[in-house]
Amino acid sequence: MTVDIDKTTGPADTPPAGPEAIKAIPVRHYGRYVTAVIALALFGAVVYAFSQGRINWNAIPDYFFDDRVLSGVGKTLLMTVLAMTMGIVGGIVLAVMRLSKNPVTSAIAWFYIWFFRGTPVLVQLVVWFNLGLVFEYINLGPFYRDEWSDFMTPFLTALLGLGLNEAAYMAEICRAGLLSVDEGQTEASHALGMSHTRTLRRIVIPQAMRVIVPPTGNEVINMLKTTSLVSVVQYSELFRVAQDIGQTSGAPAEMLFLAAAWYLLLTSVFSVGQYYLERYYARGSTRQLPATPWQKVKANMLSLGRPKGGAA
């Protein structure tokens, strides 16, 4: 006796059950909200405290574009550019001397860096300003001879004090950048017949700039603020002008706030320039250059207008 089994009368073929979809639950960062509330509360407390003080806030916009203030801003920028130029040029020379195999030039560079980094810049400014108490005349033979007080003007005093001091710091920054380049590239360039000077100019320095530019940008911003010290040598830059206006107008605190606002504005502009300069020298070292501030804003604005699924 045989039994026929009907293979068609079975349960319908069902596809294998797949894994359940993962339900992603975003993590709630409560600490961020607490920190934001605390920061806003502290900011509000500071604003309230200053609003209760006897401060004539109208004096700040009244004098913000005053001719004397603009003149002080111009002299501050001029001193920053000239002192940094002297510091960068001197720093490159000192860095090359420091790395030289000649023990004499290396020792001279080391002593210069040791001396100018070891003494405060304010002390150096005052020393330059008071050298007239030691030297009555400056005599350069047939080229120049004059009284020291006429030769060492406030402008020259400020330039020498800031520029020579900055050269010591820039020397260490440049030395670090030069040492960051692999020695094999220098050896390869010498094997190709390139001179030491041409190797530095064509091979080493362009690559070292990636390391040199970021701290140099910080030094420029620091120099902009350090120029306020030259008021002690009678140089009429922004800080000294603000002090003078404050004494004559009866609003000394307000003029200090005005000077601080100008310093913040100038450092912000220099920071933007530093960003683009770093981005320029980053070419070839990264797969993709970082986005500029305008590109970031544009990307964020476009992302806000897109649906959550990502479709345009």
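Predicted model: local features only at pLDDT ≥ 70, side-chain atom pairs only at ≥ 80, totals over all residues.
A surface patch, as the term is used here, joins residues that have over 30% relative accessible area and no salt bridge, with nonpolar side chains linked within 5 Å.

**Stop 1: the nonpolar patch**

Select V46, F50, W57 and F257 and display their surface. Together these four residues make a nonpolar patch of about 350 Å².

**Stop 2: the whole chain**

Zoom out and colour by secondary structure. The chain holds 12 helices and two strands. Read from the N terminus, the order of elements is α-α-α-α-α-β-β-α-α-α-α-α-α-α. The chain has 312 residues, and 28% of them count as buried.

**Stop 3: the largest pocket**

The largest pocket has a volume of about 500 Å³. Colouring the lining of the largest pocket by class gives seven nonpolar, five polar and four charged residues.

**Stop 4: the second largest pocket**

Move to I88, M209, I212, V213 and T216. These residues lie nearest the centre of the second largest pocket, which is lined by 19 residues. The volume of this second pocket is about 310 Å³. Helices α3 (67-98), α7, α9 and α11 each supply at least two residues of its lining. Which helix gives the most to the lining of the second largest pocket? It is α9, with eight residues. By class, the lining of the second largest pocket has 15 nonpolar and four polar residues, and no charged ones.

**Stop 5: M79 in α3**

Stay with helix α3 and select M79, which lies within it. Is M79 buried or exposed? Its relative accessibility is 0%, so M79 counts as buried. M79 and E237 are 158 residues apart in sequence, while their C-alpha atoms are 8.6 Å apart in space.

**Stop 6: E219 in α9**

Return to helix α9 and select E219, which is placed there. With a relative accessible area of 16%, E219 is buried, the cut-off for that class being under 20%. E219 and Y169 are separated by 50 residues in sequence and by 8.6 Å in space, from C-alpha to C-alpha.

**Stop 7: the salt bridges**

Side chains of opposite charge can pair when their charged atoms come close. How many salt bridges does a search of the whole structure find? The search finds two.

For one of them, select D66 and R68. Their closest N and O atoms are 3.1 Å apart. R68 has a relative accessible area of 43% and is therefore partly exposed.

For the other, select E172 and R175, whose side chains meet in a salt bridge at 2.9 Å, N to O. Why are E172 and R175 separated by about one helical turn? They are three residues apart in helix α7, which means a separation of about one turn. R175 is partly exposed, with a relative accessible area of 23%.

**Stop 8**

End at Q234, in the loop between α9 and α10 (238-249). Inspect the backbone here: Q234 has a positive phi of about 70°, although this residue is not a glycine. At 42% relative accessibility, Q234 counts as partly exposed.

Methods
Residues numbered from 1 in each chain as written. Heavy atoms only, no water. Patch = residues over 30% accessible without salt bridge, like charges linked within 9 Å, V, L, I, M, F, W, Y side chains within 5 Å. Areas by Shrake-Rupley, 256 points an atom, 1.4 Å probe, with all protein chains shown as cover. 1 Å grid on protein atoms, 1.4 Å probe; cavity = no way out; pocket = protein on both sides within 12 Å on 5 of 7 lines; lining within 4 Å. Points joined across faces, edges and corners; volume = space filled by probe spheres on them. Nonpolar A, V, L, I, M, F, W, Y, C, P; charged D, E, K, R; others polar. Helix = DSSP H or I, 4+ residues; strand = E, 2+ residues; numbered from the N terminus. Buried < 20%, exposed > 50% of the residue type's maximum accessible area, 1.4 Å probe, protein only.
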